[in-house]
Structures are given as C-alpha cells and as structure tokens.
Amino acid sequence: MKMKAALMYGANDIRVEEIERPVCPEDGLLLNVRAIGLCGSDIRNLTTDSRSGRYPHVYGHEIVGEIVKVGPKTEGYEVGEHIYVYPGDHCGVCKYCRSGHSEICIDKGNYTERQGGFADYYAVTGKQLGRDSVFKLDPEQDLIAATLAEPLSSVYACQDNIDVRFGDTVVIIGAGPIGCFHIQLARLRGATKIAMIELNEQRLELAKRFGADLYVNSSKENPVEAIRKWTDGEGADKVISATPAAITQNQALYMTRRGGTVVWFGGIAKGTKAEIDTNYAHYNGLWIYAHIGASSIQVAESFHLALSDAFEADKFITHVLPLSKINEGIELTKTGEAIKVVLIPNENHSHYILHLNNVV
C-alpha cells in the first residue's frame, strides 16, 4: 500500500510523493501520524547534504500518532490509542544509563537512520517499545501540544540540571523555539529576572509573548554591555547560549557573574572553531556546562509538562500546516515568522487541532 511522505532528495530538495507504507513489525506498532513538529535540527538536516548523498530519505522525529495496527507479538497496546514517540530511545543498561545519564547513552537509537515521521505512517519497532520512548496519551489530550514534548525535553533537562530557581537572574541567547521554551520554563521554575537576546527583530517580537523582563536586539546594541548594565555590572547567575553560533558561546562568558553558570546549549556546525576566553572563565570561577538531550525520567516529566495547563502550548505553536506545505514551514521558521510549526500529514484529521493561534 502507498502513503504520502516528504522525501529529501538533497539539500533544500524536499518533495511530497507517494511511497510504500511501512510494514507493522511483529513486535511493534504501525502509527497513522496525526501531528509532527518541524524541528530546527530537521531543518538543518533538510537544507544541507546531511546524508552525504544517501537519498531519498524521510526525516521527522517529533511524532504523535494513532495506532492502526498492533504486531502479533506486541502486548499492552490497542488500535485507536494515541501515542507520542520520543526519538532517542535509551538502552537502559550501559554505564551512563545506569548512572542516571541516559542522555549520553552509548547505544541510543539513531532516529536519523530510520524512516521518520514526515509521512502518513510510521513504524514503531519492538526495540523502541522495550525501551523508554513510547508514551500513551489520554483520549482528551491535545495531539498538537504533545508534539512539543520532544524539544521541551532537552530544555527541561537543562534547567533541571543547572537548577534554575527562585532568585535567579537568567539570560537566554536565541529566540527560536528552544529559546522561547527556556523563557517559559525559567519563569515556571521561579527565576526572578529573565532576559532574551536575539539579532532577528521578528523573532524578538514574537518572543515577547513569553514575558521576559528584558529583550535585547544584538544587531542594534552590544548584548554584553546591555546585560552588564541591567545587572548593575555584576552579570547574570545563569546564561544559556541557545544558538548555533560560536560567537554567542563566548559572549555568554562575559554576561555571567563571578561563580555563575554558562550553558552551551546550541550545537555549532561541525568543523567550526570557537574562540573561547578560557582565561576569563578561569579567573572568574565560571561553571561551564555543555548540555545535550535528556535522561529517561526527564523525558517522561517533560511529556507531562507539555500537556499541562501550566505550559500553555498554544503560545508556541504559531502555524499548523499540511505536510504538503513543509517547504513553506521551513521558510517560516528560518525567517522568524514562526515560533513552532506543526505539520499534519493527513488533512482529513485537522479536527484534532485544538487551542491554536493560527490554523492554516
């Protein structure tokens, strides 16, 4: 049987075509994808030669779907149930998983090599079911909001690990979806003062809906000077660089108070050489934390947070588009017109969309 999928044929060459529907694994599930988020890493993969010529390929990893078939060796799941699939399934038995750091699992599932969710159907393997990557939704829960669980998981884990709390002054560099998650979560965790730095004016304006205390356009003023002035020359307790730019990792050092915490959250392009003032970090006693992923328990906690009233998912999801408009979604995200784009593979299921700012 055939299905629609967004196939990548090369950098910036994404075509929605018909391909063979995946077979339900004997020990797995077949999902009808109801909603899937368009992630910054997806966009990076789709707009570069990410697979070194091994095309076509289907990406997409922020998957929420309905079970349409259960493998004969699968127990505990029923046709019609809605599930969210976390892409980086952890093994649970390596020394990193057993020490509570499954985010750096040495046998983590490689979702970029599997057929992704930018398609009508997605196969969940028995290996995924046997790990920590599949979560059931209650019938009344919002499928669109559930797509935020994956990008939120890393933000949740980051702030959990650096203990953002009441009294903290927090600076976030980068007003993409991740940066906006950081504002919202820092406020929920009790941070007293929050600043957002961004060079794209449109992104900065969109981020104002999240209620930071200071917004700085780094294309118009020196962000380090702005933060120093805002903190009476002291610097912030915690500064999170959530951009793919090396320059912001270094700027973050000078925005942080003595003994404060600098977070390198956004990965930079492979091969990029970042010039870091290690002497400044040394003599100011800075803690530097390079963040990636989320542990198993943080993945579960962020899933529940994404679906809670406290998180207000509708503030993040600015555009809901049919899969056929994936290229439009990429452009909206790159230009800063969108915070978060969610794609609906089957347009007949648009009635699953709840509480949104823009429904296209």
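Student: Hi! How many cavities of 30 Å³ or more does a search of the whole structure find?

Tutor: Hello! The search finds one. Keep in mind that this is a predicted model.

Student: Okay, and how much space lies in that largest cavity?

Tutor: About 70 Å³.

Student: Which residues line the largest cavity?

Tutor: Among them are Asp42, the run Val58, Tyr59, Gly60 and His61, and also Tyr111, Arg114 and Tyr122. By class, the lining has six nonpolar, four polar and two charged residues.

Student: Thanks! Switching to helices: how do helix 8 and helix 9 cross?

Tutor: Helix 8 covers residues 223–230 and helix 9 covers residues 246–255. Their axes come within 9 Å and cross at roughly 25°. Angles under 35 degrees count as roughly parallel, so helix 8 and helix 9 are roughly parallel to each other.

Student: Is that crossing left-handed or right-handed?

Tutor: The crossing of helix 8 and helix 9 is right-handed.

Student: And which residues meet there?

Tutor: Helix 8 brings Pro223, Val224, Ile227 and Arg228, while helix 9 brings Gln251, Tyr254 and Met255. Five of these contact residues are nonpolar, one is polar and one is charged.

Student: What about helix 5 and helix 6, at what angle do they pack?

Tutor: Helix 5 (residues 149–162) and helix 6 (residues 177–188) pack at about 50°, with axes 10 Å apart. Helix 5 and helix 6 are therefore oblique to each other. Their crossing is right-handed.

Student: Which residues make that contact?

Tutor: Helix 5 uses residues including Leu152, Val155 and Tyr156, and helix 6 uses Phe181 and Leu185, among others. By class, the contact of helix 5 with helix 6 has nine nonpolar, two polar and no charged residues.

Notes
Residues are numbered from 1 along each chain as its sequence is written. This is a predicted model: local features need pLDDT of at least 70, side-chain atom pairs count only at pLDDT 80 or more; totals for chains, interfaces and linings use all residues. Side-chain values use heavy atoms; hydrogens and water are left out. On a 1 Å grid over the protein atoms alone, a cavity is a set of points where a 1.4 Å probe fits but cannot get out, and a pocket is an open set with protein on both sides within 12 Å along at least five of seven lines; lining residues have an atom within 4 Å of a point. Grid points are joined across faces, edges and corners, and a volume is the space filled by probe spheres set on the points. Ala, Val, Leu, Ile, Met, Phe, Trp, Tyr, Cys and Pro count as nonpolar, Asp, Glu, Lys and Arg as charged, and the others, Gly among them, as polar. Axes are lines fitted to C-alpha atoms, for helices over the stretch in contact, and angles run from 0 to 180 degrees between N-to-C directions. Helices (H or I, at least four residues) and strands (E, at least two) are DSSP runs, numbered from the N terminus. Angles under 35 degrees count as roughly parallel, over 145 as roughly antiparallel, 65 to 115 as roughly perpendicular and the rest as oblique. A crossing is left-handed if the near helix is turned anticlockwise from the far one by less than a right angle, and right-handed if clockwise. Contact means heavy atoms within 4.5 Å.
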